[in-house]
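Reader: Before I rely on any label in this model, I would like to see each one set against its cut-off. Could we go through them in turn?

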Amino acid sequence: MVYKTLTIAGSDSGGGAGIQADLKTFQELGVYGMSVITAVTAQNTLGVQGVYPIPVESVEKQINSIADDLSPHALKTGMLFSAEIIKKVGELVEANSWIQLVVDPVMVAKGGSRLLQEEAVEAMKEHLISRAYVVTPNIPEAEVLTSLDIRTEEDRKAAAKELYQMGAMNVVIKGGHSEDESYAVDLLYDGQEFHEFKSPRIDTDHTHGTGCTFAAAVTAELAKGHSVKDAIHTAKLFITAAIYNELKIGSGKGPTNHWAYKQFGVEVK
Ligand code: PXL
């Protein structure tokens with residue numbers, strides 16, 4: 001059985017995030033990867049030098065080509081840039097009855113460049129979070145989406161509940177941006193209970209593309225038929241290995257190592 005996965009996201013010319021991170025992750029986890037490109041970024045480890053959105057007609061055509069012939073078992077969204085693209089993607093996900101939708105609500109790149117227009121946040125809630133099987137915000141993204149200040153564990157739980165109320169069936173608030181110096185704890189809420197996924201915090205600057213990679217790993221595991229909990233567990237191991245075994249390329253904030261999980265396993269000293 002070939003499990004098919006799709007990423008609807010932006011291109012990162014530097015290869016660490018976006019479409020490139022997603023396809024590498026799909027390949028490493030043994031699923032067939034497809035892509036719909038929503039924007040092209042000119043980018044390297046030093047930052048984002050340009051952002052060029054793709055016309056919405058092109059996004060629609062790409063999705064229709066896949067829907068007509070290669071319907072995915074699971075899909076994810078990443079950088080979508082505009083309200084117009086978000087609305088179209090949401091409508092087409094619905095029209096094709098694509099259920100296993102992982103929404104990574106990408107807003108800004110690590111250096112601060114906007115990957116989502118400010119006025120598109122409402123569209124993200126209305127058209128995508130409402131249809132998400134899993135939504136994977138980091139803490140700053142969860143704050144923007146819920147208008148809550150997130151500092152404590154209780155705050156995180158409240159934000160997760162709020163995102164669940166918006167229609168997401170499973171909410172993962174990632175802990176990478178928390179103030180916890182020892183651990184990165186991801187919190188899952190499935191509408192009934194909370195579950196924590198904990199890994200040691202790794203002292204590194206080379207975390208470009210971590211959010212994309214994590215969400216892509218969740219998507220790959222869902223496509224294979226794993227439960228949300230199991231998919232997140234594997235994704236956490238995958239991204240921890242990718243951060244730990246850094247590549248040391250470029251002179252800025254480098255990408256993670258997409259080979260690491262398969263090549264070196266999950267050991268973190
Ligand atoms: O990690 C967020 C992200 C998503 N998509 C693209 C990006 C980035 C971060 O830089 O470049 C295309």
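Reader: Why is threonine 256 called buried?

Author: Threonine 256 has a relative accessibility of 1%, and buried means under 20% relative accessible area, with exposed meaning over 50% and partly exposed in between, for a 1.4 Å probe and protein chains only; at 1%, threonine 256 therefore counts as buried. This is a predicted model, in which local features need pLDDT of at least 70 and side-chain atom pairs count only at pLDDT 80 or more, while totals for chains, interfaces and linings use all residues. Residues are numbered from 1 along each chain as its sequence is written, and side-chain values use heavy atoms, with hydrogens and water left out.

Reader: Where is threonine 256 placed, and which residues does threonine 256 touch?

Author: Threonine 256 sits in the loop between α8 (228-244) and α9 (260-264), where helices (H or I, at least four residues) and strands (E, at least two) are DSSP runs numbered from the N terminus. Contact means heavy atoms within 4.5 Å, and, not counting residues up to four places away in sequence, threonine 256 touches His206, Thr207, His208, Thr210, Thr213, Ala242, Ile243 and Leu247.

Reader: What makes isoleucine 239 count as buried?

Author: The relative accessibility of isoleucine 239 is 7%, and for that reason this residue counts as buried. Isoleucine 239 lies in helix α8 and touches Thr210, Thr213 and Phe214, again not counting residues up to four places away in sequence.

Reader: What makes α7 oblique to α8?

Author: The axes of helix α7 (residues 210-223) and α8 come within 8 Å and cross at roughly 140 degrees. That angle makes α7 oblique to α8, since angles under 35 degrees count as roughly parallel, over 145 as roughly antiparallel, 65 to 115 as roughly perpendicular and the rest as oblique. The axes are lines fitted to C-alpha atoms, for helices over the stretch in contact, and angles run from 0 to 180 degrees between N-to-C directions. Residues making the contact include Thr213, Phe214 and Ala217 of α7 and Ala235, Ile239 and Ile243 of α8.

Reader: How do you know that α5 and α6 are oblique to each other?

Author: Helices α5 (139-146) and α6 (residues 153-165) pack at an angle of about 55 degrees, with their axes 10 Å apart, and α5 and α6 are therefore oblique to each other. The contact is made by Ile139, Ala142, Leu145 and Thr146 of α5 and Arg156, Ala159, Glu162 and Leu163 of α6.

Reader: Why is helix α4 described as largely enclosed by the rest of the structure?

Author: Six of the eight residues of helix α4 (residues 121-128) are buried, so α4 is largely enclosed by the rest of the structure. The buried residues are Val121, Ala123, Met124, Lys125, His127 and Leu128, and they pack against β4, α3 (83-95), β5 (101-103) and α5.

Reader: What makes β1 and β2 a pair of strands?

Author: Two strands pair if DSSP finds at least two bridges between them, and strand β2 (residues 32-44) pairs with β1 in the parallel sense over nine bridges. Within this pairing, leucine 6 stands opposite methionine 34 in β2. Strand β1 (residues 4-12) is mostly covered, with eight of its nine residues buried.
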